[in-house]
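Let's sit down with this model and read it feature by feature. Have a look around first, then we will talk it through.

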Amino acid sequence: MKNTKNIKSNPETSGSDELSCNSSNNWSNERGFPKYCVCGSNVSVFTSQSKLNPGRPYFRCAATRADGHLFKWVEDGMYEEVQDLLQRESEIVYMRIVGDEVKEMVGNLKEDMGWCKKELHKAKIKNMISLVCVFAVVVFVIYYIVI
């Protein structure tokens with residue numbers, strides 16, 4: 001699950017070793033590695049210097065460190081990227097299975113269409129023969145009526 005939080009107080013700028021969070025996620029809905037802050041600025045990667053998270057990388061708005069701007073731990077972004085890739089992989093596998101089934105159905109339809117064409121051809125020949133027979137009977141009847 002997504003473990004990103006809206007930061008009221010950044011431990012890198014406030015000197016606090018704890019994150020103060022609230023439930024309103026107003027800085028970013030972007031999953032994975034963010035590219036832009038909600039203010040439209042680019043995102044930079046910084047390394048935490050706090051006692052609680054020393055050396056831990058995080059994404060931050062490149063323009064400002066003010067409250068309400070992007071802050072996201074890199075491992076949270078990495079986790080979301082992996083989740084999304086796994087989801088896409090399962091969708092691709094599903095699409096391949098469906099694609100194979102569709103190919104099989106198309107092959108069956110082509111066979112059925114070939115059979116239908118042959119049957120239609122047979123029916124046309126039978127109709128021609130029937131028409132010729134009816135014409136012959138009509139000619140025969142007219143011939144005996146006239147004679």
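**Reading the features together**

A: Welcome! Keep in mind that this is a predicted model. Let's start with a charged pair: the side chains of Lys-122 and Glu-119 meet in a salt bridge, at 3.4 Å from N to O.

Q: Where do Lys-122 and Glu-119 lie?

A: Both are in helix H2, three residues apart, about one turn of the helix. Lys-122 counts as partly exposed because its relative accessibility is 45%, and Glu-119 is partly exposed too, with 31%.

Q: How many salt bridges are there by this rule?

A: The count comes to four. One of them joins Asp-84 to Arg-31, with the closest N and O atoms 3.0 Å apart. That pair links distant parts of the chain, 53 residues apart: Asp-84 sits in helix H2, and Arg-31 in the loop between strands E2 and E3.

Q: Which residue forms a salt bridge with Glu-75?

A: Arg-56 does, and the closest N and O atoms are 2.3 Å apart. Glu-75 is partly exposed at 35% relative accessibility, as is Arg-56 at 23%.

Q: Let's turn to the strands. How many bridges join E3 to E4?

A: Five, and the two strands run antiparallel. Val-45, for instance, has Phe-59 in E4 as its bridge partner. E4 also pairs with E5 in the antiparallel sense, over three bridges, and there Tyr-58 is partnered by Trp-73.

Q: Is strand E4 mostly covered or mostly open?

A: Mostly covered: of the five residues in E4, four are buried.

Q: How should I read a nonpolar core, and which residues make up the largest one here?

A: In soluble globular proteins, nonpolar side chains tend to be buried together. Here the largest nonpolar core has six residues: Cys-37, Val-43, Phe-59, Cys-61, Leu-70 and Val-74. Beyond its sequence neighbours up to four places away, Cys-61 touches several residues, including Cys-37, Phe-46 and Leu-70.

Q: Why does Asn-53 count as buried?

A: Asn-53 lies in the loop between E3 and E4. It counts as buried because its relative accessibility is 11%, and the cut-off is under 20%. Leaving aside neighbours within four places in sequence, Asn-53 is in contact with Ser-48 and Trp-73.

Q: What about nonpolar residues on the surface?

A: There is a nonpolar patch with about 1200 Å² of accessible area together, and Val-138 and Phe-140 are among its members. Val-138 is found in helix H2 and is partly exposed at 40% relative accessibility.

Conventions: Residues are numbered from 1 along each chain as its sequence is written. This is a predicted model: local features need pLDDT of at least 70, side-chain atom pairs count only at pLDDT 80 or more; totals for chains, interfaces and linings use all residues. Side-chain values use heavy atoms; hydrogens and water are left out. Patches are made of residues with over 30% relative accessible area and no salt bridge: like charges are joined within 9 Å, nonpolar side chains (Val, Leu, Ile, Met, Phe, Trp, Tyr) within 5 Å. Accessible areas come from the Shrake-Rupley method with a 1.4 Å probe; for residues, only the protein chains shown count as cover. Buried means under 20% relative accessible area, exposed over 50%, partly exposed in between (1.4 Å probe, protein chains only). Two strands pair if DSSP finds at least two bridges between them. A nonpolar core is a set of buried Ala, Val, Leu, Ile, Met, Phe, Trp, Tyr and Cys residues joined through side-chain atoms within 4.5 Å. Contact means heavy atoms within 4.5 Å.
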